[in-house]
Amino acid sequence: MTTTETAGWPADLLAQEFRGKRVLVTGSSRGIGAAVAAAFAQLGARVAIHGRDRAAVEAVAAAMGAGTENGVIGLAGDFADKGQTRAVVEQAVDRLGGLDVLVNNAGTMLGRVALADIDDGFLQEQFNLNAASAVVASRSALPALIASRGAIVNTGSISGRTGGSAGSSLYSAAKAFQASLARSLATELAPHGIRVNAVSPGTIDTDFHQRYSTADKLAQTAARIPLKRLGTAEDCVGAYLFLASNRLAGYITGQTIEVNGGQFYN
Ligand SMILES: NC(=O)c1ccc[n+]([C@@H]2O[C@H](COP(=O)([O-])OP(=O)(O)OC[C@H]3O[C@@H](n4cnc5c(N)ncnc54)[C@H](OP(=O)(O)O)[C@@H]3O)[C@@H](O)[C@H]2O)c1
């Protein structure tokens, strides 16, 4: 008899999956990460919220902690800095008492810069934040994830496949790294029972685009998306929960789920 036949499909499946699970969502002080973290918390997980600004993170954590069984903790650190990235993950593991799910989501475009104007500092910061931080965080979480036979979910981007729009070459390449990294680590970490996957959001209407896109550009993009609208942070949540769930995705590793309304171009 298979596990599925034994267990059936309970109405509270997601709560059964995540109740008491220890989850770190990096970059969860707003946007996609905040929506994902809130969902885990509402399903009974013990969640670590993360962002750069300690006061902002604590405020978000306090708001999300209301009504959850074990509360939510807030951690601050700049993920362009490898030492701070390590420290945040170590604090999460320490304060949560282990780790079942790591969502590598912290990141942003940092600016639209044409190749001729990319200096070494910008190149390094882009790589550190949008590519290397997921490596550093995953490496720091590894002993805890081995102990829990846990799951990693990286945040990639549609721009990792399309190359992105003007001035986003480094950001887009770094986001492609997230999908590749998930595929490689899936093979490497499978013997430990750790699954590694990625979510690749399309154009999601968060603060990100308030900073890096004009209203005109967003309206043109929305018109070209087959589902005829931009995505929301909430639209992304299901893919993260699905990939983090051993019951729903226990035989899925090394994959990337595109959440983009059918959009595969700029
Ligand atoms: N929005 C989209 O259309 C879209 C599409 C594809 C992929 N993505 C990716 O999805 C993820 C979330 O994006 P979002 O749209 O939700 O953006 P957002 O609203 O700007 O949120 C970004 C999150 O990452 C954190 N973060 C940014 N820079 C950081 C740094 N140096 N150190 C630590 N944390 C940092 C932010 O914390 P602070 O508040 O402290 O800055 C915030 O919590 C990012 O990895 C982004 O690349 C977004």
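Me: Which residue in S5 does Asn104 stand opposite?
Reply: This is a predicted model, in which local features need pLDDT of at least 70, side-chain atom pairs count only at pLDDT 80 or more, and totals for chains, interfaces and linings use all residues. Residues are numbered from 1 along each chain as its sequence is written. Strand S4 (residues 101-104) pairs with S5 in the parallel sense over 4 bridges, where strands are DSSP runs (E, at least two residues; helices are H or I, at least four) numbered from the N terminus and pairing requires that DSSP finds at least two bridges. In S5, Asn104 stands opposite Asn154.

Me: How many of the 5 residues of strand S5 are buried?
Reply: A residue is buried if 20 or more other C-beta atoms, placed from the backbone, lie within 10 Å of its own, exposed if 12 or fewer, and partly exposed in between. In a regular strand the side chains alternate between the two faces of the sheet. On one side of S5 Ala151, Val153 and Thr155 are buried, and on the other Ile152 and Asn154 are buried. Strand S5 (residues 151-155) is therefore largely enclosed by the rest of the structure, the buried count being 5 of the 5.

Me: Is Ala174 buried or exposed?
Reply: Ala174 lies in helix H8 (residues 169-189), and, leaving aside its neighbours within four places in sequence, is in contact (C-beta atoms, placed from the backbone, within 7 Å) with Gln126, Phe127, Asn130 and Ala131. Because Ala174 has 26 C-beta neighbours inside 10 Å, this residue counts as buried.

How values were computed. Two residues are in contact if their C-beta atoms, placed from the backbone, lie within 7 Å.
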